[in-house]
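The following note sets out a number of points for a reader who is meeting this structure for the first time. Please keep the sequence and the structure in view while reading.

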Amino acid sequence: MTDLRYPAVIVNFKVYSQVEGQGALRLAKICGKVAEETGASIAVCPPIAELSYVASQVSVPVLSQNVDPRKPGSGTGYTTPSAVKSAGASGTLINHSENRKPAEDVGACVSMCRELGLISCVCAESIAKAGELAAFSPDMIAVEPPELIGGDISVTSADPGIVRGTVAAVESVDRRISVLCGAGVKTGEDVKAALELGAKGVLLASGVVKASDPEAVLRDLIRYI
Ligand code: G3P
């Protein structure tokens with residue numbers, strides 16, 4: 001496992017059909033190849049079913065797509081931070097738009113990750129929510145307007161103010177938190193714009209996962225970093 005550095009490109013595989021079974025490792029290896037050949041900091045979030053397998057096979061940081069605020073024990077179907085760490089992950093997304101949690105659960109997940117040495121990347125849908133969740137001091141906050149997720153217009157062009165505003169709101173609470181942005185990010189120009197707006201990287205999915213040539217997309221994404 002290599003460290004997650006900034007600027008960071010975090011590829012969330014979600015649960016697209018392209019990353020079921022061997023597809024997850026195939027894509028993670030492409031991410032690893034581009035990271036190794038270019039020196040770019042790329043992390044992957046495979047589906048939870050493939051987390052352990054992918055983490056055992058690649059050298060890029062592997063993050064879980066979710067954790068639940070549960071300790072090991074009885075809790076059928078939950079994903080504990082402890083299990084994610086044992087699976088070889090470096091960290092986790094928390095509170096993704098497609099898997100929201102009450103704020104108190106977000107705080108509990110961040111604390112559990114901190115105790116275990118797992119990187120926490122908390123997602124937020126607005127400037128106000130990002131400011132609120134910054135109080136838990138996760139390592140990263142990724143702002144993603146839900147209506148732009150999976151679309152073709154990058155948050156950096158559709159709503160640059162939300163990126164700038166989130167950076168300011170989060171910095172006013174805790175300057176140690178790195179702000180990322182996501183939703184519709186697909187090109188090197190989008191990543192460049194994100195960094196110019198003050199973000200430390202991007203969180204993206206469909207632009208890479210659904211691409212016919214993910215390697216070409218990744219090489220374009222990291223073109224300016
Ligand atoms: O977690 C990344 C995400 O929600 C953005 O998805 O497909 O717009 O890059 P996408």
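1. Ala183 counts as buried, because its relative accessibility is 5% and the cut-off for burial is under 20%. In this predicted model, Ala183 belongs to the loop between strand 7 (178-182) and helix 8 (188-196). The backbone of Ala183 deserves attention: its phi angle is near 110°, a positive value in a residue other than glycine.

2. A second residue with a positive phi is Lys14, where the angle is near 50° and the residue is again other than glycine. Lys14 is found in the loop between strand 1 and helix 1. Is Lys14 buried or exposed? With a relative accessibility of 12%, Lys14 counts as buried, since the cut-off is under 20%.

3. One cavity of 30 Å³ or more is counted in the model, and the largest cavity holds about 120 Å³ of space. Its lining consists of 17 residues, and those closest to its centre are Lys14, Ile149, Ala183, Leu204 and Ala205. Two elements each give two or more residues to this lining, namely strand 8 (201-204) and helix 9 (206-209). By residue class, the lining of the largest cavity comprises seven nonpolar, seven polar and three charged residues.

4. Which residues line the largest pocket? They are Asn12, Lys14, Val15, Ile48, Gln65, Asn66, Leu93, His96, Glu98 and Asn99. Lys14 is therefore named both among the residues closest to the centre of the largest cavity and in the lining of the largest pocket, as the cut-off for a lining residue is an atom within 4 Å of a point. The pocket lining divides into three nonpolar, five polar and two charged residues.

5. Eight strands form an open sheet in the order 2-1-8-7-6-5-4-3, and their pairing is parallel. Strand 2 (41-45) and strand 3 (63-64) stand at the edges; each has a single partner strand, so one side of each lacks a neighbour in the sheet.

6. Strand 3 pairs with strand 4 (residues 91-94) in the parallel sense, over two bridges. Leu63 stands opposite Gly91 of strand 4. Strand 4 also runs parallel to strand 5, to which it is joined by four bridges. In strand 5, the bridge partner of Gly91 is Ile119.

7. Why is strand 5 described as largely enclosed by the rest of the structure? The reason is that six of its six residues are buried. In a regular strand, side chains alternate between the two faces of the sheet. In strand 5 both faces are covered: Ile119, Cys121 and Cys123 are buried on one side, and Ser120, Val122 and Ala124 are buried on the other.

8. Helix 1 (residues 22-38) lies across strand 1 (8-12) and strand 2, and its direction makes an angle of about 170° with strand 2. Helix 4 (residues 103-116) lies across strand 4 and strand 5 (119-124), at about 175° to strand 4.

9. Ala43 is located in strand 2 and is buried, with a relative accessible area of 0%. Apart from neighbours within four places in sequence, Ala43 is in contact with Leu4, Val9, Ile10, Val11 and Pro61. The C-alpha atoms of Ala43 and Ser59 are separated by 9.5 Å, although these residues are 16 residues apart along the chain.

10. Ser178 is a further buried residue, with a relative accessible area of 7%. Ser178 belongs to strand 7. When neighbours within four places in sequence are left aside, Ser178 is in contact with Tyr6, Asp139, Met140, Ile141 and Lys200.

11. Pro7 lies in the segment before strand 1.

Key:
Residues numbered from 1 in each chain as written. Predicted model: local features only at pLDDT ≥ 70, side-chain atom pairs only at ≥ 80, totals over all residues. Heavy atoms only, no water. Pairing = 2+ DSSP bridges. Contact = heavy atoms within 4.5 Å. Axes fitted to C-alpha atoms, helices over the stretch in contact; angles between N-to-C directions. 1 Å grid on protein atoms, 1.4 Å probe; cavity = no way out; pocket = protein on both sides within 12 Å on 5 of 7 lines; lining within 4 Å. Points joined across faces, edges and corners; volume = space filled by probe spheres on them. Nonpolar A, V, L, I, M, F, W, Y, C, P; charged D, E, K, R; others polar. Buried < 20%, exposed > 50% of the residue type's maximum accessible area, 1.4 Å probe, protein only.
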